[in-house]
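Dear colleague,

Please find below the structure that I am handing over to you. My notes on what was found in it follow directly after.

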Amino acid sequence: MRYAFLDEEAKKEIRRAILKAVAIPGYIVSFASREMPVARGWGTGGLQVTLSIINEQDTLKVIDQGCDGSVNAVNIRNFIKSVTNVETTTSTKEATIIQTRHRIPEIELSEKQTLVFQVPMPDILETVEPNTAKAKIMHANADYSKLWVLLYEDTSQFGDSRISNRYPVLVHNRYAMDPSPIPKYDTPKLHNSKALQLFGAGREKKIYAIPPYTKVEPLKFEDKEFKVENFEGRVCQRCGCENSFLDEVYDDEGKVHYYCNDTDYCDKNLNMKGQK
Amino acid sequence: MKKIDIERLNRENFRSMMNALSRPGSIERIEPLFDSHLLAIANTLLYAEVSYFYKGNEDFELINAITNAKDSNEKEADYLFCDTIDENLFEAGKVGTMKDPEFSSTYIFKCKDFCGTKVKISGPGIDGSFNTSLPISKGFISKFNEKNSYFPLGNEVFFINENAEILGLSRTSKLEIL
């Protein structure tokens with residue numbers, strides 16, 4: 001089998017799309033998405049991006065909603081390991097490539113890292129303009145009036161935007177971009193990130209990127225503050241952390257428990273407590 | 001006979017190019033193919049669906065055979081390779097359209113080293129700004145700024161020096177002569 005599963009021609013095409021995406025931050029580049037040994041919609045875009053950039057020196061981490069141990073993450077990690085033989089890790093710090101589904105790790109990433117997002121719906125205009133040809137022209141003209149109208153309608157009726165995740169962002173003052181379904185809590189982390197951020201949508205055949213140290217702002221009216229999820233008064237029941245993104249878990253008796261969503265972050269907190 | 005793993009070379013050289021472009025002005029190592037750094041980069045970038053133009057003395061025959069890329073002219077090529085930093089060639093390449101800004105040329109220039117005009121470089125990929133030296137003339141810098149003044153239209157430029165190093169400039173990079 002070839003190194004990293006994809007044939008060289010496919011890799012070269014994806015690499016070209018990646019380079020163009022890096023050069024035009026936030027712009028959606030089309031590519032010929034290949035059949036992968038997982039179903040489309042299960043992370044084939046992120047997988048193809050990872051397989052096209054990975055090499056022998058890399059250490060790979062795969063997370064699904066912050067967790068290294070979920071079905072999607074385990075299977076993708078095992079697959080990439082089987083076709084590349086790279087080192088894998090659950091430690092955010094040690095990884096050079098982090099493939100993620102719907103979360104940005106809790107700790108700040110470094111310049112040596114690349115974050116690869118699995119994206120279900122790459123075009124943020126899809127919610128307001130279902131015709132993709134028209135949406136492309138809107139991107140060309142930087143015409144995001146329909147997005148602003150959506151925000152205005154929400155704000156006038158409900159006092160704020162109702163968008164809970166996948167919050168639209170403006171990249172490098174030019175392109176409105178779908179940040180993949182990350183929670184609003186993670187949206188500010190896109191801005192000025194030290195790591196390169198690559199986004200792959202396999203089913204929709206699109207790749208886009210945010211280079212390091214790039215301005216990324218949530219689309220917001222000037223007089224409205226961008227509010228993220230609030231976990232005030234709640235702590236992780238496992239590690240006691242008070243300032244992380246928490247999962248709400250119901251037990252058999254219907255009682256609510258809170259745990260860190262980022263399992264590596266939670267483990268590291270526990271380890272530090274153990275050392276003390 | 002020494003065995004060459006071309007695919008390994010490609011993935012390592014691609015990572016260097018990706019790092020160089022995502023952090024404009026930073027310097028990355030590249031590995032040669034057929035004793036040439038330019039051919040190694042050409043082999044990393046070219047495939048059957050892209051076109052290229054080459055102005056220089058290196059032998060592209062093997063690269064043509066391996067990659068099957070289309071030989072084109074300087075106005076239409078996706079990739080333009082040149083043995084020298086040619087200002088006129090830089091002016092000729094396509095910059096894409098507002099609808100499809102990715103249909104633009106990428107330049108790969110050979111140079112002796114990265115010494116030359118002192119510039120302040122800023123833009124995405126750079127933490128604020130920093131001063132560096134680029135192997136280009138003041139005329140080239142003003143052409144670069146002019147061609148990339150109407151974002152998202154523009155060109156990416158890579159420089160390869162004789163020490164097996166690569167340096168990239170993105171279309172979002174802002175160059176200021178010091």
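A:Lys61 belongs to strand β2 (residues 59-64) of chain A; strands (E, at least two residues) and helices (H or I, at least four) are DSSP runs numbered from the N terminus. Its relative accessibility is 1%, so A:Lys61 counts as buried (under 20% relative accessible area; exposed is over 50% and partly exposed in between, with a 1.4 Å probe and protein chains only).

Please note that this is a predicted model, in which local features need pLDDT of at least 70 and side-chain atom pairs count only at pLDDT 80 or more, while totals for chains, interfaces and linings use all residues. Residues are numbered from 1 along each chain as its sequence is written, chains are lettered from A and ligands numbered from 1 in the order in which they are written, and side-chain values use heavy atoms, with hydrogens and water left out.

Chain A and chain B each give 41 residues to their contact. The area buried between them (accessible area lost on being put together, 1.4 Å probe, summed over both) is about 3,600 Å², with 57% from carbon and sulfur atoms. B:Arg11, B:Arg15 and B:Tyr47 supply 19% of what chain B buries against chain A, more than any other three residues.

Six salt bridges (a side-chain nitrogen of Lys or Arg within 4 Å of a carboxyl oxygen of Asp or Glu) cross this interface. One of them pairs A:Asp58 with B:Arg15 at 2.6 Å, N to O. A:Asp58 lies in the loop between α2 (44-53) and β2 of chain A and B:Arg15 in helix α1 of chain B, so the pair joins two chains. Both residues, A:Asp58 and B:Arg15, are buried. A:Arg2 and B:Glu7 also form a salt bridge, their closest N and O atoms being 2.3 Å apart.

Within chain A, A:Glu8 and A:Arg15 form a salt bridge at 3.6 Å, N to O.

Yours sincerely

Methods. Contact means heavy atoms within 4.5 Å. Buried area is the accessible area (1.4 Å probe) that two parts lose on being put together, summed over both.
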